[in-house]
Amino acid sequence: MPIPKPAALKHIVKRCSSLGRKQDAAATATAYDGVPKGHFAVYVGENRSRYVVPISLLTHPDFQCLLRLAEEEFGFHHHMGLTIPCEEVVFRSLTAALK
């Protein structure tokens, strides 16, 4: 499976993380939506449960596979946040193994 181009990863990080946001001095460690710096939120499963995962997972081939599935099913141009088409138990197992 091909690795996403740097521009695609940059787009994902910009949309899903706190890195691109300016924060005041009191909130430098946490984004306005409660996502810590260096992390991003994804929505998983039928109930769209929210998970906050480290940006470092973006470079892992197994996580990139999930991102490709998300792009195929939902695209990256929607207002819900990044939605991963995967059962929660599978997502939790995968992210636990990758951390």
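Because the model is predicted, local features are described where pLDDT is at least 70, side-chain atom pairs count only at pLDDT 80 or more, and totals for chains, interfaces and linings use all residues. Residues are numbered from 1 along each chain as its sequence is written, and side-chain values use heavy atoms, with hydrogens and water left out.

The protein chain contains three helices and three strands, where helices (H or I, at least four residues) and strands (E, at least two) are DSSP runs numbered from the N terminus. Read from the N terminus on, these elements follow the order α-β-β-α-β-α. The protein chain has 99 residues, of which 37% count as buried; here buried means under 20% relative accessible area, exposed means over 50%, and partly exposed lies in between, with a 1.4 Å probe and protein chains only. Among contacts (heavy atoms within 4.5 Å) with a separation of 6 or more, 45% join residues 24 or more positions apart.

The interior comes next. A nonpolar core is a set of buried Ala, Val, Leu, Ile, Met, Phe, Trp, Tyr and Cys residues joined through side-chain atoms within 4.5 Å. The largest such core has 19 residues, and those touching the most other members are Phe40, Val42, Phe63, Leu66, Leu82, Ile84 and Phe91. At least two residues of this core come from each of strand 1, strand 2, helix 2, strand 3 and helix 3. Helix 2 gives the most, with four residues.

Several of these residues meet again through their rings. A pair of aromatic rings is described by the distance of the centres and the angle of the planes. Rings of Phe, Tyr and Trp (its six-membered ring) pair if their centres lie within 6.5 Å; planes under 30 degrees apart count as stacked, over 60 as edge-to-face and the rest as tilted. By this rule there are three aromatic pairs. In one of them, Phe40 and Phe63 sit edge-to-face, 6.0 Å from centre to centre and with 75 degrees between the planes. This pair links distant parts of the chain, as Phe40 is in strand 1 and Phe63 is in helix 2 (residues 61–74), 23 residues apart. Phe63 counts as buried because its relative accessible area is 0%. Tyr51 and Phe91 form a tilted pair, because their ring centres are 5.3 Å apart and their planes are at 55 degrees. Since Tyr51 lies in strand 2 (residues 49–54) and Phe91 in helix 3 (residues 88–98), this pair ties together parts that are 40 residues apart in sequence. Tyr51 and Phe91 are both buried. Together, Phe40, Tyr51, Phe63 and Phe91 make up one aromatic cluster.

Phe40 itself belongs to strand 1 (residues 39–44) and is buried, because its relative accessibility is 1%.

An α-helix has 3.6 residues a turn, so residues three or four places apart point the same way. Beyond its neighbours within four places in sequence, Thr95 is in contact with Val53, Leu57 and Phe63.

Finally, the cysteines. A disulfide is a pair of cysteine sulfur atoms within 2.5 Å, and the count by this rule is zero. The closest cysteine sulfur to that of Cys65 belongs to Cys86, and at 9.8 Å this is too far for a bond. Cys65 is partly exposed because its relative accessibility is 22%, whereas Cys86, at 14%, counts as buried.
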